[in-house]
Amino acid sequence: MNRFIATIPVALALAAATSASQAPRPAVPTPESVIGWAPCADYKLATYEQIADYIRKLDAASDRMQAVEIGKTAEGRTHLMAVISSEENIKNLTRYKDIARKLALARGLTDDEAQALAREGKTIVWIDYGLHSTEVAHGQTAPWMAYKAVSEESAEMRFIRDNVIFLLVPNMNPDGTTLVAKWYMEGRPWSTNPPELYHKYVGHDNYRDWFMFNMPETQNVGRQLYTEWFPQIVYNQHQTGPFPARIFIPPFEDPMNPNIPPLVMRGIAEVGSAMSRRFAREGKPGVISRLNYDTWWNGGMRTGPYYHNMVGILTETQHNSPQPMVYDPKTFPKTFADGTSTQEPSTFYPMPFRGGEWHLRNSCEYMVTASMAVLDIGAKRREEWLYDIYQMGRDAIRAGDRETYVVSADQWDAGAAVKLVNVLRWGAVEVERATQPFTAGGVGYPAGSYLVRGAQPFRAHLTDLLNPQVYPDRRIYPGGPPERPYDITGWTLPYQMGVRVNKVGEAVTAATEKVEWAKPDAGFVAAQGRFGYLIDPRTNDAYIAVNRLLKGGERVFRLTAPVAAAGMSLPAGAFAVAAAATTQARVGEAARSLGLKIAALDSAPGGEALRLKAPRIGLYHAWGGNMDEGWTRWLFEQFEFPYTSLYDKDIRAGALRTKFDVIVLPEATYLSMLKGLEPGTMPEQYVGGMTPTGVANVYEFVRDGGTLIAMDHASELPLATFGLPIRDVTAGLRESEYYVPGTLLRIKLNTSHPVAYGMQDETAAFLDASPAFAVGWPRRGFFGAAQEEPRLPEGVSIVAQYPTKDLLMSGWILGDGVLAGRAAVIEASVGKGRVVLLGFRTQHRGQPHATFKLLFNSVLLGGAERAPLVRATEP
């Protein structure tokens, strides 16, 4: 405080304060007064910058709102959230946040104390907009809804402001909203679909990162949901509803994940019913429920909150274009996907949409109606929502009283174990770290092991992530094709990340400390090596160290056989770094920053070695937005693999071998790579695909010594055009014969092969209708029956294959016999080069750390050659 001001007489100070409080505030601005047009106007889309500018100006003009910066986006924009309530509630936000936290965490309270807090507290309602950027209406609705909530003086809105703290996130994907708005407003006849992902890395998958928290936007929001505010209701808006309905609202379709608390499901039904009634009262037709969207998968923006005792709501509104349209009912399909009539009233579609003219504003009005329904029911049942979240937390703590998960410090990849713990921490799971050795379930564990106790409020979240999923066998009719799940069916984190987690049926006694964020043990270099240094290949973070060393010009080798040296016993693929003047400093920095334990070598280890060089990586980047490419790009950046995006025009131009050592084809079909976007659907520079010329250039690249890595269905390209003695045994099968809808299956690996260096003998692979390979030219047997050659053709190696039994680890598979004994990963020679077929997504959504090495090793193999292991100072 300024000392001069502090000496002003009290009466004068009070007068000054009174004068300041009576000073006129700026009038509450309308959205059109700032943005330049009314929200959801025809042929208009506001950028995030325009919307954020309005939110800040609204904050400056009103005591009913606070604009809060919650973090940065992938492209560096400031991520905003608005807190809206009555003036009195805004003054007491700290108290209401504290009440919400105490009730959600449910510790140290009696039921009577919780009831008293529920009576005092306010319902925290979260409503977000703009997650999927090409679904343009909700992002444009946000300023309208903010203005309405702040300025409207109806009895209903005053009641809402008095009883609800409204967390309005004007945009969940600011980068994408600006990209789409600029693309459209620059006069593109291609409407709201730019030729690129609308998130820097993951596009539409920004909805599917909500237990892994890989993306900065997910982290920004996760902090608000699970650390700051603990809302009782979370409403996430989307815009791909079942046509011709105008909006999908809860309740959802089966199956329900059994880990979701029943009170959550009842709350979803309650909110859905409130929405349905409000739409009917307002005469808005085309509202449908119980179709397409289930509650099985934990990973979406509205499903993740279920496992935190929060009522998660999803709506899907039709018409995602700022261009008006007339809908002719004569063109409507007769039924929805489940057979429900689109014309006749039914239980969950009581007022069918009859067609007519439709504008973006109509879609936005539906979103406002749905938002008001959520806020209204949130206000009217305030005490119940608050007590419910307490009751669910209390019951979870009691249910997990004799349950502990132990993540031993002794792991194949200690870094992956640390990352798994931090995934749990992003989801607000309580974790402890043992400070002394202890025993649990008759097994001894070292200090540094992690304990995750079942007795905690978000037990549903840890239970769901740490245990296998058992998806029900659901068919459209008995013996018929499978009923498609909304997303994937299995995601068990210990399997995906290759981390050993033991479940113990007791409340383990151990000396522990609370974990805020897990960190790897301190790394070190044992001593200065006269010959060089040895790096363990089992940890994924070793690849970061290797990439840094290669970038710095160090000589790095891979040992082709297991090695026992410098007190370490390592599998095939260990990294040996030859000593030079700069090596010790670089190796030491890598050890300290990455938590690696690096051994010093006084002499060369025996056996053969591969000399590595930094490979020149071309990552195929098709126009149209490929999420798998985006995830691969993100993964390369996380592990510091330098890469160049490789576009169709580059492939068509040829001379690829002069520019690249490795080309990576992310998941895509051969046809989509060959043809690309159709002419007329995009500007000329974005259409056309590789073309046959480009495919021939890719073949020449491999023939001349390059390495081609094809992931999942991208394997179709080399299988179709390279003349390989390999075929996809799943090709042409019906879903009733083979169906793997996002499932974790067991694979066995040949860890002596360079593509599998550093891996465990057995791990989980994530498959989503993925291929599997038979090797060998088919030959004709007796009576013309096709048989396969019993021996591998020359130049073909099976790196990983599916076992003949016990394939399923988590999720659901139909037709496991199709995969039994088949190859999952293959390396095949082509001329001077090689093709690596990774028959599943080794990097799917940044989750399966256990299979990252299959991609990393394949890339490094493209920059490797056999060479004697010598000191850097030797010729």
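This is a predicted model: local features need pLDDT of at least 70, side-chain atom pairs count only at pLDDT 80 or more; totals for chains, interfaces and linings use all residues.
Strand E10 spans residues 311-317, and because seven of its seven residues are buried, the strand is largely enclosed by the rest of the structure.

Two pairings of E10 can be described. Strand E5 (residues 233-238) runs parallel to E10 and is joined to it by six bridges; within E5, Tyr 235 stands opposite Ile 313 of E10. Strand E6 (residues 247-248) pairs with E10 in the antiparallel sense, over two bridges. Here Ile 247 stands opposite Thr 317 in E10.

## Strands E33 and E34

Strand E34 covers residues 762-768 and is mostly covered, with five of its seven residues buried. Strand E33 (residues 741-749) runs antiparallel to E34, and seven bridges join the two. One of the facing pairs is Ile 747 with Thr 763, the latter in E34.

## A seven-stranded open sheet

Seven strands make up an open sheet with mixed pairing, in the order E20-E26-E21-E25-E22-E27-E42. Its edge strands are E20 (524-525) and E42 (864-866), each of which pairs on one side only.

At the E42 end of the order, the partner is strand E27 (residues 609-612), which pairs with E42 in the antiparallel sense over three bridges. Leu 610 has Arg 866, in E42, as its bridge partner.

## Two buried residues

Ile 55 is placed in helix H4, which runs over residues 48-61. Its relative accessible area is 0%, so Ile 55 counts as buried. Setting aside residues up to four places away in sequence, Ile 55 touches Met 65, Ala 67, Leu 80, Ala 82, Ala 146 and Pro 170. The C-alpha atom of Ile 55 is separated by 48 Å from that of Lys 659, a residue 604 residues apart from it along the chain.

Glu 667 lies in a loop, between strand E30 (662-665) and helix H22 (670-675). Buried means under 20% relative accessible area; Glu 667 has 15% and is therefore buried. Apart from neighbours within four places in sequence, Glu 667 is in contact with Asn 626, Asp 628, Met 711, Asp 712, His 713, Ala 714 and Arg 841. These contacts of Glu 667 include the charged residues Asp 628, Asp 712 and Arg 841.

## The chain as a whole

The protein chain contains 26 helices and 42 strands. Its radius of gyration is 29 Å, which agrees with the value near 29 Å that a compact globule of 875 residues would have. Along the principal axes, the C-alpha atoms fill a box of roughly 85 × 70 × 55 Å.

Of the 875 residues, 58% count as buried. Among contacts with a separation of 6 or more, 79% are between residues 24 or more positions apart. The accessible surface of the chain comes to about 33600 Å², and 51% of this belongs to carbon and sulfur atoms.

Note on methods. Residues are numbered from 1 along each chain as its sequence is written. Side-chain values use heavy atoms; hydrogens and water are left out. Two strands pair if DSSP finds at least two bridges between them. Helices (H or I, at least four residues) and strands (E, at least two) are DSSP runs, numbered from the N terminus. Buried means under 20% relative accessible area, exposed over 50%, partly exposed in between (1.4 Å probe, protein chains only). Contact means heavy atoms within 4.5 Å. The radius of gyration is taken over C-alpha atoms; the globule rule is 2.2 Å times the number of residues to the power 0.38. Accessible areas come from the Shrake-Rupley method with a 1.4 Å probe; for residues, only the protein chains shown count as cover.
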